[in-house]
Amino acid sequence: MLAFIDVDGLKATNDLLGHAAGDQLLRRVVDTLRAHRRALILSCDTEGTSSCALLAMDIEKTTERFVLINVALVAHAHASISVGLAAYKIHDPLDTLLARAGRAL
């Protein structure tokens, strides 16, 4: 399972409050993701403001996990994320998997 993660409002935070505020927002989001990362295998930065994570879960469990993460983010960090999920299919080239996750985001 591949998840593309976009921090909602990050660009607006950077533009309106400055990059220090954007960095603080990112730290709150990352801390929350780390607290819920039991199945996280790999994370990486992508171009722009999105990141991706490779997860060892099915789509239902992954969706449930990200719902819980968003609940925690709203409650404790006054933030939220948007997530695009793509399930790996046998013999999928990486660019196909990345494209599906990007479209889902």
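Colleague: What is the relative accessible area of His 36?

Modeller: His 36 comes out at 26%, so partly exposed. That label covers values between buried (under 20% relative accessible area) and exposed (over 50%), using a 1.4 Å probe and protein chains only. This is a predicted model, where local features need pLDDT of at least 70 and side-chain atom pairs count only at pLDDT 80 or more, while totals for chains, interfaces and linings use all residues. Residues are numbered from 1 along each chain as its sequence is written, and side-chain values use heavy atoms, with hydrogens and water left out.

Colleague: Where does His 36 lie?

Modeller: In the loop between helix 2 (19–35) and strand 2 (40–45). Helices (H or I, at least four residues) and strands (E, at least two) are DSSP runs, numbered from the N terminus.

Colleague: And what does His 36 touch?

Modeller: Leaving out residues up to four places away in sequence, His 36 touches Arg 65, Leu 68, Ile 69 and Ala 72. Contact means heavy atoms within 4.5 Å. Ala 72 is 36 residues from His 36 in sequence, yet their C-alpha atoms are 9.6 Å apart.

Colleague: Switching to helix 1. Which residues there are buried?

Modeller: Leu 10, Thr 13 and Asn 14, in a helix that runs over residues 10–17. They line one face, because their directions down the axis fall within an arc of 95°. That arc is taken from the helix axis to the C-beta atoms. They pack against strand 1 (2–7) and helix 2.

Colleague: What does the face turned away carry?

Modeller: The exposed residues Lys 11, Asp 15 and Leu 16. Just after helix 1, Gly 18 has a positive phi of about 100°.

Colleague: At what angle do helix 2 and helix 3 pack?

Modeller: About 135°, with axes 10 Å apart; helix 3 is residues 59–77. Axes are lines fitted to C-alpha atoms, for helices over the stretch in contact, and angles run from 0 to 180 degrees between N-to-C directions. Helix 2 and helix 3 are therefore oblique to each other. Under 35 degrees counts as roughly parallel, over 145 as roughly antiparallel, 65 to 115 as roughly perpendicular, and the rest as oblique.

Colleague: Which residues meet there?

Modeller: From helix 2, Arg 28, Val 29, Thr 32 and Leu 33; from helix 3, Phe 66, Ile 69, Ala 72, Leu 73 and Ala 77.
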